[in-house]
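Let's take a friendly walk through the interfaces of this model. Please keep the structure open as you read.

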2 protein chains.
Amino acid sequence: MDAEQAGPGTIRPGGRTARVRAVVLQAAGHALAENGLAHLDLADVAHRANVGKTTVYRRWGTAASLVADLLVDMAEQSSPRTETGTLIGDLKANARLVQRTLSDRRQGALFKAIIAAATCDDRTAGALRRFYDTRVAEWAPCVHQAIDRGELPALTDAHEVIRAVSAPLYYRLLTGGDPLDTTAADRAAEATAAAARAGAYVRR
Amino acid sequence: MDAEQAGPGTIRPGGRTARVRAVVLQAAGHALAENGLAHLDLADVAHRANVGKTTVYRRWGTAASLVADLLVDMAEQSSPRTETGTLIGDLKANARLVQRTLSDRRQGALFKAIIAAATCDDRTAGALRRFYDTRVAEWAPCVHQAIDRGELPALTDAHEVIRAVSAPLYYRLLTGGDPLDTTAADRAAEATAAAARAGAYVRR
DNA sequence: CCACTAACGGTCCCGCAGTTCCGTTAAGCT
DNA sequence: AGCTTAACGGAACTGCGGGACCGTTAGTGG
């Protein structure tokens, strides 16, 4: 799988290299949120980051590759989940977190752009999948706790439940429905909790 | 709102103009499904359609605009919904229809590309929203029938229920999860039905 | 502290997506 | 049927995104 010979940034990862990566990824995030994927110019990213455009082309090469690396960076920064003691409380906390992120002007645009990039490039799609796997795995324990408390059937698929909370929020974001408010978040959490209690997410 | 002076194709919509539109939209669909939005070349579309590339640039100008028109065309071709007599039956029929469409290699890629295009351009986003509004409105009656039968609370938001069926399927498609199978479709329908019965979609 | 070289960055260059020009075809109207 | 002109289509052009070259800067190991 790792047959590719070391690219730039792999042999001397310290100091300048790391600093350049950080500042370029940050600039890429800003540029994506402002202009969207279609108008993403790597030279513009380089300029925002006060870095030569050659550097950006050498290390990342394509917009998709840059977005993929951005996702790796985002996955590394995990925000700890809150525990409320009940399934519905935990799911609402999760839904509100997602809703707050997606309805934020900058972050929402960024996620849209990232998802668009993933549809164009397989490596980016892989990175996106890993990003969500990470996030879902962080929240899955609250479902297991609910199972232990007897709130949910024993064979409930925890990952599927967490995904079910996010799904309607992302669907709204992407199909351009009404703006995402806390009502939508709470509804997503409540619908998922009701479905889970009814056994809709037991493994078969 | 319509301050724009008539563009090409609006004054003589018959005969050749209509034929060109049909063949170009079809070619655009093929190209999108094969190469994705990022590698969509209008000259290539023109070539596939046996049409001068000048024509494509004059009438549509940008890839986003072409996709928007493609959506208008797709919204016009409605497939009739099936009626089974029960809420869960109707929702499963809807879920299976969506699942079949999205898991089809060509159609799935096409929808991905279209959603990506909508994230890049506001006019395309509007067209996408109208497309889904049309589709949702076609299926909403089955929820009203369920309310009349006493299966669901009176104030249940029909559109929200229909969207809830599609959401997890699209979420999987876009975040690159496991392939969409009939199990996923049935689960989406059952989860939505359970949540709806529990009153998660009553208007507030 | 010094040598070595990975990685950066300025400059020039090239291919092609997108545009312009103008002659040709056929839709719409009387 | 004939006239007008909307719309098409080939061909030549151009601006810019992306790449190549090479000198400069600064990590890394001794």
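## Ground rules

This is a predicted model, in which local features need pLDDT of at least 70 and side-chain atom pairs count only at pLDDT 80 or more, while totals for chains, interfaces and linings use all residues. Residues are numbered from 1 along each chain as its sequence is written, chains are lettered from A and ligands numbered from 1 in the order in which they are written, and side-chain values use heavy atoms, with hydrogens and water left out.

## Where chain A meets chain B

Let's begin with the two chains. The contact joins 33 residues of chain A to 33 residues of chain B, where contact means heavy atoms within 4.5 Å. Together the chains bury about 3,100 Å², with 62% of it on carbon and sulfur atoms; buried area is the accessible area (1.4 Å probe) that two parts lose on being put together, summed over both. On the chain A side, the most area is lost by A:T119, A:Y171 and A:R187, which together make up 23% of what that side buries.

One salt bridge pairs the side chains of B:R204 and A:E190, at 3.3 Å from N to O.

## What chain A brings

Four helices of chain A each give at least two residues to the side touching chain B: α6 (105-120), α7 (122-139), α9 (158-175) and α10 (182-197). Helices (H or I, at least four residues) are DSSP runs numbered from the N terminus. The most comes from α9(A), with 10 residues. By class, this side of chain A holds 18 nonpolar, 5 polar and 10 charged residues.

## Two domains within chain A

Now for the inside of one chain. Chain A is assigned domain 1 (3-74) and domain 2 (80-197), with bounds from an automatic or database domain assignment. Their C-alpha centres lie 28 Å apart, and the contact takes 12 residues from domain 1 and 15 residues from domain 2.

These two domains of chain A bury about 1,200 Å² between them, 78% of it on carbon and sulfur atoms. On the domain 1 side, α1 (15-35) and α4 (63-76) of chain A each supply at least two residues, and α4(A) has the largest share, 7 residues. That side divides into 9 nonpolar, 3 polar and no charged residues.

Note on methods:
A salt bridge is a side-chain nitrogen of Lys or Arg within 4 Å of a carboxyl oxygen of Asp or Glu. Ala, Val, Leu, Ile, Met, Phe, Trp, Tyr, Cys and Pro count as nonpolar, Asp, Glu, Lys and Arg as charged, and the others, Gly among them, as polar.
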